[in-house]
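User: I would like to learn how to read the cross-links and ring contacts in a model. Can we take them feature by feature?
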Amino acid sequence: MLQLLVVAWLLIFGTETVLSHQESGEWSCESDSEIQVLADFRPGLITLDGRNDDWKDIDGSEFPLRPALDPDADHEYTAGQMTVKALHDGRDVYFMLEIDGNYAYDKGENKKCPSVALMFQIGDQATYHDMGGCKEGTDSCTSKSCKGFEVDIMHFSIGNAIPGRLYGGNPVDNGEGNGGDRFGHLVDIYAWNPHCRYLDGLGPSGNDSSAQNDWHGAWWHSSFTTQSGYVAEDSPYTPDAQKGTYYFEFSRPLRTMDRLQQDVQFTLGSTAKMSVAFWYPMDSKPWHGSGHYTINCDWIPLDISSGSSSGITTSTVKGSSDGTSISAIVISMMSLVVSGFVAYKLFSLKNVAFTPMGNDL
């Protein structure tokens with residue numbers, strides 16, 4: 001079991017020690033109570049490819065990016081704000097993250113490439129601060145001792161991910177019953193605090209083969225000129241330091257098969273609590289695990305609508321109604337023609353002379 005946990009840790013955070021996740025002083029947070037992310041019902045709109053074309057008419061929420069451990073405005077990410085967009089189709093929920101940033105990519109080196117994470121509250125007592133907030137240490141945190149402090153995390157490091165290609169849940173890793181992704185490092189994690197975080201299905205109390213990675217996602221950069229698709233041999237895909245915008249697109253079912261309290265479960269018409277983190281190799285230097293920016297110093301409400309699509313306008317409904325009326329008229333006329341033909345054939349059969357059968361049959 002210990003070997004599996006070590007492998008999981010290396011997959012997620014490399015060899016970095018958790019001791020780096022230390023704050024410089026007393027924690028304080030002044031959060032704006034008005035901010036939120038809205039996920040409207042918009043079925044049949046999104047193609048999960050990392051590009052933002054499908055999202056241009058979707059309103060998003062803009063957030064300044066500040067260091068997670070020291071959310072001071074003086075230390076904001078200087079290239080711009082992050083725009084967070086969300087919607088759902090009644091089955092899956094979709095997210096689009098847009099962040100301005102000069103292109104940085106070093107194949108195989110996750111920490112020399114941008115990275116993002118989504119975090120959601122699972123347990124009622126789970127706090128944004130301290131990644132769940134359970135006070136137990138690595139030797140004592142378990143599903144029992146930290147019950148109620150669970151958070152769900154999706155982490156995407158793009159060092160081995162080809163832009164525009166899908167990563168996340170796959171038959172190989174899901175077949176082994178964990179939240180890993182050996183192909184593109186879009187992993188499904190749960191945590192009780194920064195020192196106790198594991199791939200879904202793995203943990204200090206043993207492994208459970210029923211777990212899986214329910215996330216899928218892709219990434220893109222606005223400086224890319226090839227639209228037909230990239231392969232690994234095309235790396236680094238565009239010259240370094242090109243100005244532009246990073247796009248990270250994700251999806252996951254609203255409800256999952258989780259029975260271990262390791263996935264957040266979304267409900268139509270309800271509000272979930274979320275946060276978003278962003279890592280960037282400033283000055284071409286590798287980032288470290290606790291050196292990330294976040295969109296707020298506390299949870300952000302994610303409102304998941306249950307109504308009809310807000311994108312259906314009155315004119316659209318009227319046009320649809322007119323088309324339906326025309327179709328109904330055409331179908332009615334065809335029905336009359338068919339009815340007349342059938343009546344004619346029945347009448348003709350009544351006038352056919354009776355011919356008796358011969359005895360020679």
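Analyst: Start with one pair of cysteines. A disulfide is a covalent bond between the sulfur atoms of two cysteines. In this predicted model, Cys141 and Cys196 form one, with their sulfur atoms 2.1 Å apart.

User: Which hand does the disulfide of Cys141 and Cys196 have?
Analyst: Read the torsion about the S-S bond. For Cys141 and Cys196 it is about -100°, so this disulfide is left-handed. Cys141 sits in the loop between E6 and E7, and Cys196 in strand E10 (residues 196-199), so the bond ties together parts 55 residues apart in sequence.

User: Are Cys141 and Cys196 buried or exposed?
Analyst: Under 20% counts as buried. Cys141 has 1%, so Cys141 is buried. Cys196 is buried too, at 0%.

User: How many disulfides are there?
Analyst: The count is three. Another joins Cys134 and Cys146, with the sulfur atoms 2.0 Å apart. The torsion about that S-S bond is about -75°, so the Cys134-Cys146 disulfide is left-handed. Both Cys134 and Cys146 lie in the loop between strand E6 (115-121) and strand E7 (151-157), 12 residues apart. Cys134 is buried, with a relative accessible area of 6%. Cys146 is buried as well, with 0%.

User: What about Cys29 and Cys297?
Analyst: Cys29 and Cys297 form a disulfide with a sulfur-sulfur distance of 1.9 Å. Here the torsion about the S-S bond is about 75°, so the disulfide is right-handed. Cys29 belongs to the loop between helix H1 (2-13) and strand E1 (37-41), while Cys297 belongs to the loop between strand E14 (293-294) and strand E15 (300-304), so this pair ties together parts 268 residues apart in sequence. The burial of the two ends needs a separate look. Cys29 is partly exposed, with a relative accessible area of 30%. Cys297 is buried, with 8%.

User: What pattern do the disulfides follow along the chain?
Analyst: Count the bonded cysteines along the chain, then write down the partners. The pattern is 1-6, 2-4, 3-5.

User: Now the rings. How do I describe an aromatic pair?
Analyst: A pair of aromatic rings is described by the distance of the centres and the angle of the planes. The whole structure holds 29 aromatic pairs. One of them is Phe156 with Phe250: 5.9 Å centre to centre, 80° between the planes, edge-to-face. Phe156 is in strand E7 and Phe250 in strand E12 (residues 245-253), 94 residues apart. Phe156 and Phe250 are both buried.

User: Why is the pair of Phe224 and Tyr237 edge-to-face?
Analyst: Look at the angle. Planes over 60 degrees apart count as edge-to-face. The planes of Phe224 and Tyr237 are at 70°, with the ring centres 6.4 Å apart, so the pair is edge-to-face. Phe224 and Tyr237 both lie in the loop between E11 and E12, so the pair ties together parts 13 residues apart in sequence. Phe224 and Tyr237 are buried.

User: Which residues do ring pairs link into a cluster?
Analyst: Tyr103, Tyr105, Trp219, Trp220, Phe224, Tyr230, Tyr237, Tyr246 and Phe248. A charge can also be read against a ring. Arg51 lies over the face of Trp220, at 4.0 Å from the ring centre.

User: Which members of the largest nonpolar core touch the most other members?
Analyst: That core has 57 residues, and the members with the most such contacts are Leu97, Leu118, Phe156, Trp219, Phe248, Phe250 and Leu302. Strand E5 (residues 92-100) gives the most to this core, with six residues. A second, separate core has 17 residues, including Tyr128, Val187, Ile189 and Leu202.

User: What is Phe156 in contact with, beyond four places in sequence?
Analyst: Its contacts include Val116, Tyr167, His185, Leu186, Trp219, Phe248 and Phe250.

User: Last, a polar residue. Where is His221, and what does its side chain contact?
Analyst: His221 is in strand E11 (residues 216-221). His221 is buried, with a relative accessible area of 0%. The His221 side chain makes a polar contact with the side chain of Ser223, at 2.7 Å. Beyond four places in sequence, His221 touches residues that include Tyr103, Gln242, Lys243 and Tyr246.

Definitions and conventions
Residues numbered from 1 in each chain as written. Heavy atoms only, no water. Disulfide = S-S within 2.5 Å. Helix = DSSP H or I, 4+ residues; strand = E, 2+ residues; numbered from the N terminus. Buried < 20%, exposed > 50% of the residue type's maximum accessible area, 1.4 Å probe, protein only. Polar contact = N/O pair within 3.5 Å; in protein donor to acceptor, adjacent residues only side chain to side chain. Contact = heavy atoms within 4.5 Å. Phe/Tyr/Trp six-rings, centres within 6.5 Å; stacked < 30°, edge-to-face > 60°. Lys NZ or Arg CZ within 6 Å of the ring centre and 35° of its normal. Core = buried A, V, L, I, M, F, W, Y, C linked by side-chain atoms within 4.5 Å.
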